[in-house]
Amino acid sequence: MLAAIREVQIPLLAAMLLGACLAKLGRVLRARSVDVALGPTALFPLRLQRPVAVAMCAAELTLGIALIVTAGRFGTGAAATAVRGVTAVLFVTAVGALIELRQHRPDVGCGCFGDLSSTPVSLRTIARSALLTLAAAGTIGVAPLRLPPPGGALALRLALLAAEIALIAALSPEIGQALVRLGYSEPCELRVLPAERTLSALRSSRQWRRHASVVTGHHPVDVWRELCWRYLVYPGSYGGREVEVVFAVYLRSRRPAVRAAVVDAATGEVLPPLHVLPPPAADRPVRPLPPRAVGPWVARPAAGARPATLPPPQPLSPPAPDAPQFLPAATAADESAAEGSLYHLLALSSPVPRERNNREEAPARYIA
Amino acid sequence: MRDLLDGLAGSERRSAAAMAAASTAIAESARIARRCRLKAAVFGPQAGLDQGPSVCDDANAWPLESVPRAVTGEVLDVSPHILVIGKGEVEERFALTADANAWRGAKTDPAAVKVGDHAVVRRHDSGREVADRIWANIGRVTGTIVRRDGDTLVVDRGDGSGNQVLVIAERASGRIQVRFPRLEPGYLIDIIGVRHDDFLEGLVPATSQPAYRADHVPGPPLVNGHVPGSFSGAAIWHEQGDEPDGLIGTAYPAVDPQNAATTRAGRQQAASGCVSLPYLSIGSLLRVRNDCTGLSRVLPVIGSAASARLFCDRSVICGPSPRGRIADLTLASFVELGGELDEGNFNVTIEIEG
């Protein structure tokens, strides 16, 4: 059992050293500067920081390869003992450096695995280095490794390896960072989406078609963004009043939610939104009427009664002065209805609940 | 004579151009001022934003509702008991009490302030005509070192406003070298000092120099889900440059680069910086709280804090803040919120309004 434990340390230590070096190299290549990989070298004088960072990475790479090379039939005698001894010394040094770093630069991460090791040094990090020191010391004097035959011996070694990996993972704050990266999706507040795409999404939205008869300008007079929404303001005219039509487009690459409001340009009064669509253009095919009226504002026919007859479509005309021109609130349109589906056909009759996006609607998303 | 005529014609052209620019600026300001209300119109009461218009009112009305604590202008007269500050055609007189103190390259007596100095005065809590703190000719250079010639550095502020010249004063050289060991092109610098016509005389290091170069700023930690609604970090101040005296507002490190193209700040391509901040625009409202004094105000975003996002340092005025500079305040806003200009920063929490 003890022999098996000592044997599995060699591939494990080699993997850790090579992984650490590659992670540091990856970070350096991404940032195109050795300075980002400094980590514990922050303890050294300025002129020594860069050489020490390079030397650390080179030592990890060399020892990782040497552990693998000396693990087999070359692993007899002084060469293997020297490599494993130096590995143990490296980890002892790491323990000391981490303790120093924790005391003198508590804000600096250990940098052991590049970007993933940016959290300040904790006792877990120090315990991991101590465990690896013991593992390295235990490999001194181990006979050359041979692949055990299938059966109990192989299963025992695999189980020991898995258990130790689990222990090291439990001691590694980097695991949390790695899991975050694996399941990462960029929050909409941080998403960079060109204004042109927003404009194109707006032009193909139902809200745009609904307000097209009011909008008088081809280009927005103002465009700005806040959090997950981009706002576009168009000049407009309705019933002789100069108005501004404000669209808010959710910053999502496909079928974003679009909201709209009409504001009197002179008084700033918020006018409730339009509730009628403009008549279809002459060059567009007329959308067929739905087979049955649905939606909250049309009474469903009682069972057994004859279906209600829909009034013929009326051309858009300016509203009478005493008639309500607008619905009493801003409307939202969800563009998620599939092409050809019933809800797509019944564009006005699809009261799909709007996605809850802001802090007031979805407080659970905003955890301070 | 021809030169004179050319000069007059040129003067008229410049005058016309200046008027056109002023008129454009006014139109743009009016457009930005409407954004808060237009946004509230879209979301309305049903989205829980019924307080939106009042927030818009608060932000617009703040300078008018109360007497501003910060007064900026030229020193017209100074005596052991009275300080007169001129701002355009307006003069304001302040009584100097024994408690008042001043900064003019170092902490000094208010009587050491000279006529002609550009001063920032903070009123005393007890009265509107009493000066509490006076900063004379204070200036700051923050940005990336472009060139060095002995003790003279050329620094790019990163906002497209051109380079600044910083001359490190001999008496402060040692202190600055300790905090800024790499006075080389490509590295960052942040120094407070005395403003002269063409240069800043560097006297006080405002932070410690980051180890990385300006083009290798570490990325922010990843955020899953939605970003939080409030952020803590460091607030700094910037010189007013072309800004009018007493301007209230803050530059913000994450101004949307897509629609900031018409502003000077927008020409600088936004980078992520070392804090994950949500994108906002000029005119967005932030509630800014000084965690050290407890004072808070709603401030509009007035620009992109290009150099602030290069620094991943902390404020330690009242305990260490989280990393990153998240607000770059105007002089007046910094003083109104209780900040000490010669200290350069304070711990801050910002919340996005509306």
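Me: In which loop of chain B is Asn137(B) found?

Reply: Asn137(B) lies in the loop between β6 (130-136) and β7 (138-149) of chain B; strands (E, at least two residues) and helices (H or I, at least four) are DSSP runs numbered from the N terminus. The model is predicted, with local features needing pLDDT of at least 70 and side-chain atom pairs pLDDT 80 or more, while totals for chains, interfaces and linings use all residues. Residues are numbered from 1 along each chain as its sequence is written, and chains are lettered from A and ligands numbered from 1 in the order in which they are written.

Me: What is the phi of Asn137(B)?

Reply: Most residues other than glycine have a negative phi. Phi of Asn137(B) is near 55°, a positive value. Asn137(B) counts as buried because 21 other C-beta atoms lie within 10 Å (buried is 20 or more, exposed 12 or fewer, partly exposed in between, with C-beta atoms placed from the backbone).

Me: Where in chain A does Leu227(A) lie, and is it buried or exposed?

Reply: Leu227(A) is in the loop between β1 (222-226) and β2 (229-238) of chain A. Its phi is near 55°, again positive in a residue other than glycine. With 22 C-beta neighbours inside 10 Å, Leu227(A) is buried.

Me: Which residues have the most contacts inside the largest nonpolar core?

Reply: Nonpolar side chains tend to be buried together in soluble globular proteins. Here the largest core has 121 residues, and Val246(A) and Ile134(B) have the most contacts inside it (a core is a set of buried Ala, Val, Leu, Ile, Met, Phe, Trp, Tyr and Cys residues joined through C-beta atoms within 7 Å). Strand β3 (residues 241-250) of chain A gives the most to this core, seven residues. A second, separate core has 30 residues, including Ala66(A) and Cys112(A).

Me: What does Val246(A) touch?

Reply: Leaving out residues up to four places away in sequence, the partners of Val246(A) include Tyr231(A), Val263(A), Leu38(B) and Val42(B) (contact is C-beta atoms, placed from the backbone, within 7 Å).

Me: At what angle do α3 and α4 of chain A cross?

Reply: Two packed helices are described by the angle and the distance between their axes. The axes of α3 (residues 78-104) and α4 (residues 123-138) of chain A come within 8 Å and cross at roughly 165° (axes are lines fitted to C-alpha atoms, for helices over the stretch in contact, with angles from 0 to 180 degrees between N-to-C directions). α3(A) and α4(A) are therefore roughly antiparallel (over 145 degrees; under 35 is roughly parallel, 65 to 115 roughly perpendicular, the rest oblique). Among the contact residues are Phe91(A) of α3(A) and Leu132(A) of α4(A).

Conventions
Contact = placed C-beta atoms within 7 Å.
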